[in-house]
Amino acid sequence: MKLLERTFELHGPEGLGAKPRPELIGPVFSHLHDTLQDAVRMGFLHSSRARGRIPACLRAAADVHYVGHSAGGEGGTLLRFEVPSFGSVADELFGQKLLWEDGPQPEQTAFELLGAALGDVRKRRKESNRFDSGLLRRIGSYRRMLKRGIESIKLPDTALAEPGQIDSVAVIAASELCAATPLSRRVRVTGRLDVMGASQAVLKLDIKSGVAVTAVWEGVLPIEALKDYFNRDVVIEGAGVFRPSGLLLRVDADAIAFAGAQDEFFRQVPEALAMPDYSSLTRLRPGERSPFSRILGSIPAEETDEEFAAAVEALS
């Protein structure tokens, strides 16, 4: 197993440095494993909270060990960890046909996937493949930590052009992206089953030239039982999961069958249901009074201005 060192760099107004206060760094440790595990599953499955048993190789990819801490720059604290490279714990995943072009690379670690996801969140990339609602909620959960003495958590040594960072910008962006993400809905998709990732339980359907849909298999049967469907036209059903942009991210499929003529209607990428723009519904036109002010103005006062002034004079 090839282990690499990766670092969290913590900054805050006080209580850090070479001898950080335990209550500041403790929450970082308690959040670390679940955050990295979500990032790993998102990278390999396009699903941060996939149901069912997590493949052993993906569990191993987020198996992080703390090796020590030291003072960082500007009064910060460096938390150092050892984490395996993907190629050393999940090499079988890279022997399969690539499921998507921006997937993890063998030399990367869980920290790279987390850093890349944070970069897309901070830039509010609504069509990103690197996060879903589950990972956005995970990032948003750092809000409480940021209110209790930690201002930022940087990933300074990831092999990325822009190292990731958890701070108020990332937390606010994550919460707003999550709120903008359309609800999942039941969908049906027809296409040729082009790829089956046995280790990941992932299916890839070619809908038409240059258009594909990725599905995570969550059916009762093991994915190995679907081998007769390979390279055949099939129809799948499941929960369609969408990006904040409204484009389909994946299908959590639980049913599959050979496609017939009646299924040709579903040879297309499902679309999200339109979400109401509540902000526009509540936005007032120039000169328009709010419902609250109209109601308030319609309630008669219980006393006259003279009576109110006399009461104030009596209290002074």
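This is a predicted model: local features need pLDDT of at least 70, side-chain atom pairs count only at pLDDT 80 or more; totals for chains, interfaces and linings use all residues.
## Overall make-up

The protein chain has 316 residues, of which 44% count as buried. Its secondary structure comes to ten helices and ten strands. Among contacts in the chain with a separation of 6 or more, 67% are between residues 24 or more positions apart.

## Helix H7

Helix H7 covers residues 168-180, 13 residues in total. From first C-alpha to last, H7 reaches 18 Å, close to the 18 Å expected at 1.5 Å a residue. At the start of the helix, Asp167 places a side-chain oxygen within 3.2 Å of the backbone nitrogen of Val169.

The buried residues of H7 are Ala170, Val171, Ala173, Ala174, Leu177 and Cys178. These residues are on the same side of H7, because they cover an arc of only 165° around the axis. The elements that cover them include helices H4 (110-122), H5 (133-140) and H6 (143-146), together with strand S5 (165-166).

## Helix H5

H5 is one of the helices that cover the buried residues of H7. H5 is itself largely enclosed by the rest of the structure, because six of its eight residues are buried. The buried residues are Gly134, Leu135, Leu136, Arg138, Ile139 and Gly140. They pack against H1, H4, H6 and H7.

The N-terminal end of H5 is capped by Asp132. A side-chain oxygen of Asp132 lies 3.2 Å from the backbone nitrogen of Gly134.

## Packing of H1 and H4

Helices H1 and H4, against both of which the buried residues of H5 pack, also pack against each other. H1 spans residues 22-45. The two axes are 8 Å apart and meet at an angle of about 80°. The helices are therefore roughly perpendicular to each other, a term that applies to angles from 65 to 115 degrees.

On the H1 side, the contact is made by Leu32, Thr35, Leu36, Ala39, Val40 and Gly43. On the H4 side, Ala110, Phe111, Leu113 and Leu114 take part.

Strand S6 runs over residues 185-197 and holds Thr190. Arg186 also has its place in S6. Thr190 has 0% relative accessibility and so counts as buried, whereas Arg186, at 47% relative accessibility, counts as partly exposed.

The side chain of Thr190 reaches the backbone oxygen of Asp263 at 2.8 Å. Beyond its neighbours within four places in sequence, Thr190 is in contact with Leu205, Ile207, Val234, Val235, Ala259, Asp263, Glu264, Phe266 and Arg267. For Arg186, with the neighbours within four places likewise left aside, the contacts are Glu237, Gly238 and Asp254. Two of these contacts involve polar pairs between side chains: Arg186 with Glu237 at 3.4 Å, and Arg186 with Asp254 at 2.9 Å. The C-alpha atoms of Arg186 and Ala253 are separated by 9.5 Å, although the two residues are 67 residues apart along the chain.

Notes. Residues are numbered from 1 along each chain as its sequence is written. Side-chain values use heavy atoms; hydrogens and water are left out. Helices (H or I, at least four residues) and strands (E, at least two) are DSSP runs, numbered from the N terminus. The expected span of a helix is 1.5 Å times one less than its number of residues. Buried means under 20% relative accessible area, exposed over 50%, partly exposed in between (1.4 Å probe, protein chains only). The arc is that of the directions from the helix axis to the C-beta atoms. Contact means heavy atoms within 4.5 Å. A polar contact is a pair of N or O atoms within 3.5 Å; within protein, one must be able to donate a hydrogen and the other to accept it, and residues adjacent in sequence count only if both atoms are side-chain atoms. Axes are lines fitted to C-alpha atoms, for helices over the stretch in contact, and angles run from 0 to 180 degrees between N-to-C directions. Angles under 35 degrees count as roughly parallel, over 145 as roughly antiparallel, 65 to 115 as roughly perpendicular and the rest as oblique.
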